[in-house]
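Here's a quick briefing to read with the model open beside you. Start at the ligand, then move on to the helices and the backbone.

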Amino acid sequence: MSNNQKYPEIIQGGMGVGVSSWQLARTVAMHGQLGVVSGTAVALTLARKLMDGDPDGHVNWAISAFPFPEIAERVRAKYAPNPNQEGKDKYKQVPMPTIEYGRDLLELTVLANFVEVYLAKAGHYGIIGLNLLEKVQVPTLPSLYGALLADVDYILMGAGIPIRIPKALDELSQNLDISLPIKIAEDDSKEPTLAHFSPKEFAGDHELPKLKRPKFLAIVSSATLATHLSRSTFGSPDGFVLEAPVAGGHNASPRGKVQLSETGEPIYGERDIIDVPAIKALGLPFWMAGGYGSYEQVQMAKQMGAEGVQVGTAFAFCEESGMEKSLKHKILDAVRKGVAKVRTDPRASPTGFPFKVVEVEGTMGIPEVAEKRQRICDLGYLREPYKKDNGKIGYRCPAEPVKDYVAKGGKLEDTEGRRCLCNGLVSTLGFGQERRDGSKELPIVTSGDDLKYVVRFFPKGESVYHAIDVLRVLLGGKLTPLS
Ligand SMILES: Cc1cc2nc3c(=O)[nH]c(=O)nc-3n(C[C@H](O)[C@H](O)[C@H](O)COP(=O)(O)O)c2cc1C
């Protein structure tokens, strides 16, 4: 961002789990644009990094800066490397998120989000955002608070209707106790179920630090939703990212009855085209996303009235991204040979949203490989809370063992083709679980339809590229590091 510009031209999109690493976000921020880290499941990845011994020491360095040292030490001790794992899974179990949120997971979640933002912000004056998915409801408040403790500049949230987030940020940034209603399936009671977070309770005897209220950008795929959010009594977002269905990760479902193409992919039509003038008329800044990974596209977005663009795919495969290197290089190799394929899978994600998968050998992007996986649900980020017959709240995921899901009242047909994104996406980073029977959780890779174009970022004669190569292309060569 140059000195006379109010907003960044480029937002490096938040990519879960951990693909938008702090290394990537930091590089982007150091070149004047908005670098975004993903907050999704970072509690889990932090624990696994610690269990792996944190070889480069960055995580431990950031943990030492956490304002509540006893909490930091408790987490460090709990997830210390333990080499005597024979006959056990490689990584020990981290508690699964639930509405009551046990103290251990609470400490880990706040700390993990703090660490990710703190590392991304270290040593420069650039700006950093945190991306969360609205659908992953229960970790939201502790995740936001962790990011606030590290002085996060922007929060970005999509995959749902993040209507209460502006107010939540107003209150959390004043260290006020706060509650967020959680959607519960099969709950016909009038009383909302609330998730609570109390900064005071969390910090114990410590004085609470003064916090900044970050800006909030809602990621939307329709003018109707943007308008609804901008008029909310919980406060308006500070801007919007308008995401088209060619974008990587989860996509909005097509409007109306879902029709599938010959290849089984959802068909998007006229009604799915975002009404940009209607969003412009709201008078808030906005960024275009989904297939905007070139200089020409950035210029086009600006002509439509956008501040700039949010780009994911181009950054997902650069050297600084969190994706495990040999997997990333295998995909780049396939791109170079013109054989890399991306499929919009309407079934893969337990959330029910279409999810883009790269069809790469040895990953769950290949249906036959995915079908062979023995179902197990031990990470639990995409579980849906539901009301049991006895009035208590249970949790279920359509990718868990079929008989468990059905026993919890889930529909058999909802389990078909569902993939365990929790284990798959963590494995994509190189932190996949190795089971006691010797089997390994396989990765699942997501990308936008732009994957085939990432060759444009390779410097001459090279077979890999860096975040600055992407920025250079997007900005038409005008790359100015912050002083
Ligand atoms: C690997 C990958 C993971 C993603 N994960 C998320 C996510 O966790 N949350 C989110 O809001 N968007 C996610 N996205 C979407 C990006 O933030 C961004 O909006 C999108 O990639 C822009 O379109 P493009 O892929 O055509 O550049 C992801 C995209 C990719 C490529």
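Of the 18 residues around the ligand, the nearest are Glu 243, Gly 291, Gln 310, Gly 312 and Thr 313; being near here takes a heavy atom within 4 Å. Keep in mind that this is a predicted model, where local features need pLDDT of at least 70, side-chain atom pairs count only at pLDDT 80 or more, and totals for chains, interfaces and linings use all residues. Residues are numbered from 1 along each chain as its sequence is written, and side-chain values use heavy atoms, with hydrogens and water left out.

**Ligand and backbone**
- A polar backbone atom of Gly 291 sits 2.8 Å from an oxygen atom of the ligand.
- Gly 14 has a backbone N or O atom 2.9 Å from a ligand oxygen atom.
- For Gly 16, a backbone N or O atom is 3.0 Å from an oxygen atom of the ligand.

- Tyr 101 isn't a glycine, yet its phi is positive, at about 45°.

- Look for α5 (residues 103–121) and α6 (residues 140–149): their axes come within 7 Å and cross at roughly 40°. Axes are lines fitted to C-alpha atoms, for helices over the stretch in contact, and angles run from 0 to 180 degrees between N-to-C directions. Helices are DSSP runs (H or I, at least four residues), numbered from the N terminus.
- Among the residues that meet are Leu 106 and Phe 114 in α5, and Pro 142 and Tyr 145 in α6; contact means heavy atoms within 4.5 Å.

Conventions. Helix = DSSP H or I, 4+ residues; strand = E, 2+ residues; numbered from the N terminus. Polar contact = N/O pair within 3.5 Å; in protein donor to acceptor, adjacent residues only side chain to side chain.
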